[in-house]
Protein chains: 2
Amino acid sequence: MDVLQRLGQNIRRLRRARGLAQEKFALQFGIDRTYVSGIERGARNPTVTVVQRFADALDVPIAELFAEIE
Amino acid sequence: MDVLQRLGQNIRRLRRARGLAQEKFALQFGIDRTYVSGIERGARNPTVTVVQRFADALDVPIAELFAEIE
């Protein structure tokens, strides 16, 4: 699994754990839902500061978004 | 300290721990030395796949490049 897929799956897992639908998360996070969907599918290559915004929105350290998938 | 500065300091720390001068690291890594310098200074906002290349070159998990600075 490449780093973008792993990042996307971690974001999706954490978002769902917080009971947030993609639409609501995108609204709350102030970003386009299709962009969130693209990142969760591993189809986007975001910059570090965009990943940091996801980490802040999910209230986790940025390193956690790169954790290995069990 | 913002995420880009932290990333840069971690890359610099790990590069130096491997006894690699910036010039040699850039050559070995196949990237422009001024780009490496910019990232180490926290002045660049690389994409996730570029950060993954640094992690591979330093032989560490990508998450380690975002570790908190003691």
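How many residues of chain A are in contact with how many residues of chain B? In this predicted model, 14 residues of chain A are in contact with 14 residues of chain B, contact meaning heavy atoms within 4.5 Å.

Local features need pLDDT of at least 70 and side-chain atom pairs count only at pLDDT 80 or more, whereas totals for chains, interfaces and linings use all residues. Residues are numbered from 1 along each chain as its sequence is written, chains are lettered from A and ligands numbered from 1 in the order in which they are written, and side-chain values use heavy atoms, with hydrogens and water left out.

**View 1. The interface of chain A and chain B.** About 1200 Å² is buried between the two chains, with carbon and sulfur atoms giving 73% of this area (buried area is the accessible area, for a 1.4 Å probe, that two parts lose on being put together, summed over both). A:Asn45, A:Val48 and A:Phe66 supply 42% of the area that chain A buries against chain B, more than any other three residues. Between the chains the count of salt bridges is zero, a salt bridge being a side-chain nitrogen of Lys or Arg within 4 Å of a carboxyl oxygen of Asp or Glu.

**View 2. Helix H4 of chain A against helix H1 of chain B.** The axes of H4(A), residues 48–58, and H1(B), residues 3–17, come within 10 Å and cross at roughly 115° (axes are lines fitted to C-alpha atoms, for helices over the stretch in contact, and angles run from 0 to 180 degrees between N-to-C directions; helices are DSSP runs of H or I with at least four residues, numbered from the N terminus). A:Val48, A:Thr49 and A:Gln52 of H4(A) make the contact with B:Val3, B:Leu4, B:Arg6 and B:Leu7 of H1(B).

**View 3. The salt bridge of A:Arg15 and A:Glu40.** The side chains of these two residues meet at 2.7 Å, N to O. Because A:Arg15 lies in helix H1 of chain A and A:Glu40 in helix H3 (residues 33–40) of chain A, the pair ties together parts that are 25 residues apart in sequence. Over all chains, a search of the whole structure finds eight salt bridges.

Technical notes: Helix = DSSP H or I, 4+ residues; strand = E, 2+ residues; numbered from the N terminus.
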